[in-house]
Amino acid sequence: ALVNGSSMEGFGLPVIEAFRLGTPVITTTNSSLSEVVNNAGVHILNNSMASILDAMNVFSELDDDELERQIDLGYKQLERLNKTQPRANLVRLIMS
């Protein structure tokens, strides 16, 4: 999983790249990342090590089907972002 604990993220390019590569995402809720990730990842309220470990445990406990569902959510979120202007051009560039 990508752990992106940034509180000053502009657009969330690491998250977009993770979705493109089929990598689950763990991110904070205090920046634009909440909108970029939406329901396609696990959100943590702060950058505490306990919160990050709890989120990582969520992924480690998923069976193969649940993990595949989480990865599919990332792909679907990427498609939604691809249709949203002005982000669409940037997302299309990353997806190519």
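Just past helix H1, Gly22 adopts a positive phi of about 75 degrees. Keep in mind that this is a predicted model. H1 itself covers residues 13-20 and packs on the sheet, where it touches E1 and E2. Its direction makes about 165 degrees with that of E1.

Which residues of H1 are buried? They are Val15, Ile16, Ala18 and Phe19. Looking down the axis of H1, you find these buried residues within an arc of 160 degrees, so they line one face of the helix.

## The sheet

Now for the strands. Three of them make an open sheet, in the order E1-E2-E3, and the pairing is parallel. Strand E1 (2-4) and strand E3 (42-44) sit at the edges with a single partner strand each, so one side of each has no neighbour in the sheet. From one strand to the next, the twist averages 20 degrees.

As background, strands of a sheet pair through backbone hydrogen bonds, either parallel or antiparallel. Here, E1 and E2 run parallel and are joined by three bridges; Asn4, for instance, has Thr27 in E2 as its bridge partner. Three bridges also join E2 (residues 25-28) to E3, again in parallel. On that side, Ile26 has Val42 in E3 as its bridge partner, while Thr28 has Ile44.

## Helix H3 over the strands

Helix H3 (residues 49-60) lies across E1, E2 and E3, running at about 170 degrees to E3. With twelve residues, H3 reaches 16 Å from its first C-alpha to its last, close to the 16 Å you'd expect at 1.5 Å a residue.

The buried residues of H3 are Ser51, Ile52, Ala55 and Phe59. They span an arc of only 100 degrees around the axis, which puts them on the same side of H3. The general rule behind such patterns is that an α-helix has 3.6 residues a turn, so residues three or four places apart point the same way. Over on the other side of H3, Met49, Asp54 and Ser60 are exposed. As for what covers the buried residues of H3, the list includes E1, E2, E3 and helix H4 (64-82).

## A closer look at Ser51

Ser51 belongs to helix H3. Why does Ser51 count as buried? Its relative accessible area is 18%, and the cut-off for buried is under 20%.

The side chain of Ser51 also makes a polar contact with the side chain of Ser48, at 2.9 Å. Leaving aside residues up to four places away in sequence, Ser51 touches Ile44 and Asn46. Ile44 is also the bridge partner of Thr28 mentioned above.

One more backbone angle deserves a look. Asn38 has a positive phi of about 55 degrees although it is not a glycine. For context, most residues other than glycine have a negative phi.

Where does Asn38 lie? It is in the loop between helix H2 (33-37) and E3. Asn38 is partly exposed, because its relative accessible area of 39% falls between the 20% limit for buried and the 50% limit for exposed.

How values were computed: Residues numbered from 1 in each chain as written. Predicted model: local features only at pLDDT ≥ 70, side-chain atom pairs only at ≥ 80, totals over all residues. Heavy atoms only, no water. Pairing = 2+ DSSP bridges. Helix = DSSP H or I, 4+ residues; strand = E, 2+ residues; numbered from the N terminus. Axes fitted to C-alpha atoms, helices over the stretch in contact; angles between N-to-C directions. Contact = heavy atoms within 4.5 Å. Expected span 1.5 Å × (residues − 1). Buried < 20%, exposed > 50% of the residue type's maximum accessible area, 1.4 Å probe, protein only. Arc of directions from axis to C-beta. Polar contact = N/O pair within 3.5 Å; in protein donor to acceptor, adjacent residues only side chain to side chain.
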